[in-house]
Amino acid sequence: MLEEIVKSLEKAVVSDIRVYDMKSKTPFYDYTIICSVNTARQGAAAVDYIRDDAEKLGLWVRGYNSSPDSGWFLVDLNEFVIHIFVGEERIRYNLDDMYAR
């Protein structure tokens, strides 16, 4: 299922996709996926695209945030938590460093 989620992100034209295996770190979900987009509009479109693909794959879309003002979009697919950052927001929050530990 992870491969299908990553393919969906690639089709949604996000960049710098990083997958972090969280199975040994938390009982709540299996993977954190972090990626980037250039604009808030692309982020909102990526969220919609991922939600649609997830439902087609039979995944439960537990929740999502697609507020274009924040620069940070989130999709919770229960087993997968996807963070989509606009521009420099990814560097600002530095989640990659936290999850890579």
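Before you start, residues are numbered from 1 along each chain as its sequence is written. Because the model is predicted, local features need pLDDT of at least 70 and side-chain atom pairs count only at pLDDT 80 or more, while totals for chains, interfaces and linings use all residues.

**Exercise 1.** Work out which secondary structure pattern the chain follows along the sequence.

*Solution.* Start with the inventory: the chain has four helices and five strands, taken as DSSP runs (helices H or I, at least four residues; strands E, at least two) numbered from the N terminus. Then read along the sequence, and the pattern is α-β-β-α-β-β-β-α-α. The radius of gyration, over C-alpha atoms, is 12 Å, close to the 13 Å from the globule rule (2.2 Å times the number of residues to the power 0.38) for 101 residues, so the chain is as compact as a globular protein of that length.

**Exercise 2.** Find how much of the chain is buried.

*Solution.* Take the cut-off, under 20% relative accessible area with a 1.4 Å probe, protein chains only. Buried residues then make up 42% of the 101 residues. Next, turn to contacts (heavy atoms within 4.5 Å). Of those with a separation of 6 or more, 49% join residues 24 or more positions apart.

**Exercise 3.** Identify which element has the lowest mean pLDDT.

*Solution.* Recall that pLDDT is the predictor's confidence in each residue, from 0 to 100. The chain averages 94, and 100% of the residues score at least 70. Among the elements, strand β3 (residues 63-65) has the lowest mean, 92, and strand β2 (residues 31-37) has the highest, 98.

How values were computed
Side-chain values use heavy atoms; hydrogens and water are left out. Buried means under 20% relative accessible area, exposed over 50%, partly exposed in between (1.4 Å probe, protein chains only).
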